[in-house]
Every structure is written in C-alpha cells, then in structure tokens.
Amino acid sequence: MALFNSPLLPVAHAECRASSWDDAATGIISQLKDAGVQAGQVLAIDAHNNEPNGNAMFSAHYSLTLPSCGALDIKFVKIDDNGMSWTQICEDLQSRLSMHDVISITGSCNESNKRVMYAFFIESSRTTERLIKSVQSTAGSWNVAADALICLLKEKGVRPQQVVWIDAHNDGNDSNAMFSAFYAASLPASCAGGTSAIGTISYEVQNTTAGWKSQYEEAVRHVAKHNLDKHEVLGITSSCNAGGRSVTYVFYHSHPGTERQVQFPSVPRALPCPNATVQLSILSFNVWCCGGTSLLRTYECMHALNADVVCLQEASCGMVKDAAHTLGLFYSEGAAILSRYPISTLPRRSPKQGGGKGGDIVAIHVPVETGRFVRVLVGNCHLVHHPYGPYVLRDQRRPAAEAVESDTQNQLPALNQVLEDLKRLACTEDGIEDPYFLCGDFNAASHLDYADSGDTVSWPTSYACINAGLVDTYAEKNPSHLGAWREGRFDAPGITWSCLPNEEPKGIF
C-alpha cells in the first residue's frame, strides 16, 4: 500500500546553512544540481534562520518525477536591508523579475536588525513583461497574518492561479508575524483546460519546537495530503518564532469539490458467526498532541506496524480522519479508532467527560467466511492526567493510601463507566458475549508494577480492569518488564511514559 498518493511524489527536500546568505544560496543550488534536479522540478526555495544572528539557511523542495525543462540554471538576486521596510524591499525585487520565470521570492530577518530577501528564478526567453506586484500582512499571530494576507489578495481580485509566491518572515523571534505575497495579474485566472472553478487559497501550518528536517518532511506530507501538483503549490515557507519555536506554512490552491476522497464500503449486512476464531492485532498509540514532532513519522510508524485496529490518544477528530484517509482505513472520529475492517458506533449511557477525557466504544466487524462476521468490541479511553498517582506517591512523598485515593477520585470514575458499557454492549440478545478489548492512556500506574519488595500499592484502575475480566496483555507477554520504573530511565523495557527524557523532568516513569 502506498502511504501517500500525489502527482508530485516522491517529493524530496534539501537544506544548506552557511555564515553568509550568498554562500547558503549558492550552496542550495549546488545541492539541487548534485541531486540531479532539472529545470521545472523545483517546487520551493525558502530563506529562514533560528534567530537574527544565526546561520543563514535555505531549504528546497523538489520532485524528480516532474517533467524536465532542461539543465538546472537557477539564478538569484538579493536585496539587503539598507534601511528599507519589507514593503520597499518587495517592491524593489518585483521590478527586477518581469522577464524571468520565478521559483520563489523569500526573505528572513538578519543580524543587526536588518532584513534580507532573495528571488530565485530561471531566465526566460519571454519577450513580453510579466508585471509582478506584492502585498504584505503583519499580525501578532501567524495564522491571523496568513488569513489577512489571503483577504488582501481577494480584495485585489487576485486568483490563486495568479499567485507567484507567498513567503513568511519577521524581524526577529519575538516580533510580529509577516507574510508577503507576489502575484501577476497577467497570468490566466482560469484553471487548466479553461474551467471557471477558481478555488481558494488555503494553507497548512506547523508551529513547533521540532527541528527543521521534521518540518520539511511534514511539508511533504501536506503536499501529498491535498494531492497537489506543482502549480497548486503557492508557497512552502518557514520562519523563526518566539519561545524556541518555528513555523512552516504550505500555501496551496484548493479547488472546490476536488478534495481527495477515499471510498469505504458500508458495514456488512451479514449474519454473525459468534463461535468463530479470529486473529486480530490491536495497537494503542498516544500520538502526543496530534503527532508530536512529526505527523509524517507518526503515520509511517502506524503503516509499518500494520495493525488491524489502531486506538489513538491525543488525536483530534481532524487527525483521526486524516490518518484514516492517508492509510486507507475505516475510522470513528469520536472514539479515535482506525480499523482495517468496518466500524459501527455504539450507543453509550456514559458520554466522555469534559476536555475529551473518558472513553468511547465501537464494534469492529471482522469477516470470517462468506456472508458472516465476528463482532468485536473495542474501547478506547484517555483518563485525566492530573493529579497523577505516582507523583503523589514518589514526588510528593505522600502515603500509598493517599495516592490510591487520588486515582480513585480522578481516573477511576470515567474508567468504570467505560468498563460498565463494554460489559453491557458485549452481551448479545441470545446471551452470547462478544469479545471485547480496552485500550487507552490511563494516566495511572498498575498494581502489577508495584507487586514486590514491599512496594505493593493497590492502584485502583488496574484492579478495576482485572475485576472486569480483562487481561493485561503486555504484562502477560512481558512479565520480566514489570517494575521497570525502578530503573529510573525512560528507555527501560516496559516504560511507555515518554521516549524523550526531558518530557519527564521528575524522573518518575
């Protein structure tokens, strides 16, 4: 199964850093040539840095599958600050580009409170000028500035097909967000083939502490997600940001009614086969705030594990739907469950608690023979994260009884609701109990991990699961990993708290 489907795949990226902007610009062009990139195969070149006094950086995105227009001969022009505003810099640049085929126009903050902007282009044999104009927006928020830029373009009657490039920049990490858009009114306003559907300008955004490589990869995923071709990419652009963060935007031409669709068959109208035996692999995956440092790697991990059912935690409804479409799976947005087999939602007496905490349950219909299926119930829960029992016990050094009481008051009520509903929904009309599973992020410890050397703690959530007839599958298959928290390291087998040690400053796993 192909992980993504886009006219541009495979899209690759490159980066060059140097102490001077010209050296970095020359370096990124050299890297593209060394990679065998031809004219017509470059999607974007973008200037950015980590802070005004940091190294100059250029990134490039390209696709070797695009048609070649001959040898790559990229040239650039540069505008230094010299006391000019961003508007003046843009106006100076745009006057120099009327006879050239522009790849991108991109700027960045620079040392000594200065600015720098580059235009990358290929010389054209065109004999008529293409007048390029620009508009700028600025705001205290990046998305507000992006939305304002799109509104400015609409007010001027600019169609997406007439946008030459959109660039993100600022005057320093703590300064306002800024965007510049360059457009040519002489470009055709109709879609390919002369159709009248003009579409809109949309964007995908990353605002993250993740490294630049991760952001470049995520931009590739965004291109693939929207099935974009070269002319629909209006900008792949980055900038430094406040608080150790940086932003990367993909601006694109969104056509009405052409979003990529995945067709899912309906839940089978088949006879149940309750006595059949099936094998089912289930993955429980906390994706850490909708994908952590790289949504692309999150999807690649899910694809590689190839589980029949995936229960996600910390995934928004939008991410669940996007993951299902990307991986070609059935899904339940509310339950955050993906499945190789059809899913049906089930009525619950006990809805989720506020903030999305709690759990939901679905039925997975696993075909076993022609016209028959096994119904398997899968619950997925995410219990409240504060207060956290092990912190009460080992950081605050409170008695075990107080830690147990904390879990009893906070994590246990929602879990009991899910367990009650699982048992009730699993009972069929003929008295046969369907198989059921429970996955989730319980934000709680297990008594199985504290069951020796005087550390016995009657953690209520794990006991509730055992008393409901569930088996801790990880403990069953990996008994030697129990009690791994005593090793005091994040990578000990059996630790599922975090793969990044700085995410647990207390050292309590």
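**Close-up views of a predicted model**

By class, the lining of the largest cavity comprises four nonpolar, eight polar and no charged residues, where Ala, Val, Leu, Ile, Met, Phe, Trp, Tyr, Cys and Pro count as nonpolar, Asp, Glu, Lys and Arg as charged, and the others, Gly among them, as polar. The model is predicted, so that local features need pLDDT of at least 70 and side-chain atom pairs count only at pLDDT 80 or more, while totals for chains, interfaces and linings use all residues. Residues are numbered from 1 along each chain as its sequence is written, and side-chain values use heavy atoms, with hydrogens and water left out.

View 1. About 30 Å³ of space lies in the largest cavity, the volume being the space filled by probe spheres set on the points, which are joined across faces, edges and corners. Its lining includes His 48, Cys 109, His 169 and Cys 240. Two or more lining residues come from each of strand E2 (42–48), strand E5 (100–110), strand E8 (163–169) and strand E11 (233–240); helices (H or I, at least four residues) and strands (E, at least two) are DSSP runs, numbered from the N terminus.

**View 2. The crossing of helices H4 and H6.** The axes of helix H4 (residues 212–225) and helix H6 (residues 295–305) come within 7 Å and cross at roughly 70 degrees, axes being lines fitted to C-alpha atoms over the stretch in contact and angles running from 0 to 180 degrees between N-to-C directions. H4 and H6 are therefore roughly perpendicular to each other, a term for angles of 65 to 115 degrees. Ser 214, Glu 217, Glu 218 and Arg 221 of H4 meet Leu 295, Leu 296, Arg 297 and Tyr 299 of H6, contact meaning heavy atoms within 4.5 Å.

**View 3. A salt bridge between Asp 22 and Lys 78.** The closest N and O atoms of this pair are 3.8 Å apart, a salt bridge being a side-chain nitrogen of Lys or Arg within 4 Å of a carboxyl oxygen of Asp or Glu. Asp 22 in helix H1 (residues 21–34) and Lys 78 in strand E4 (residues 75–80) are 56 residues apart, and the pair links distant parts of the chain.

**View 4. The cis peptide bond at Pro 387.** His 386 and Pro 387 are joined by a cis peptide bond with omega of about -5 degrees, and Pro 387 is placed in the loop between strand E20 (372–382) and helix H8 (389–395).

Conventions:
1 Å grid on protein atoms, 1.4 Å probe; cavity = no way out; pocket = protein on both sides within 12 Å on 5 of 7 lines; lining within 4 Å. Parallel < 35°, antiparallel > 145°, perpendicular 65-115°, else oblique.
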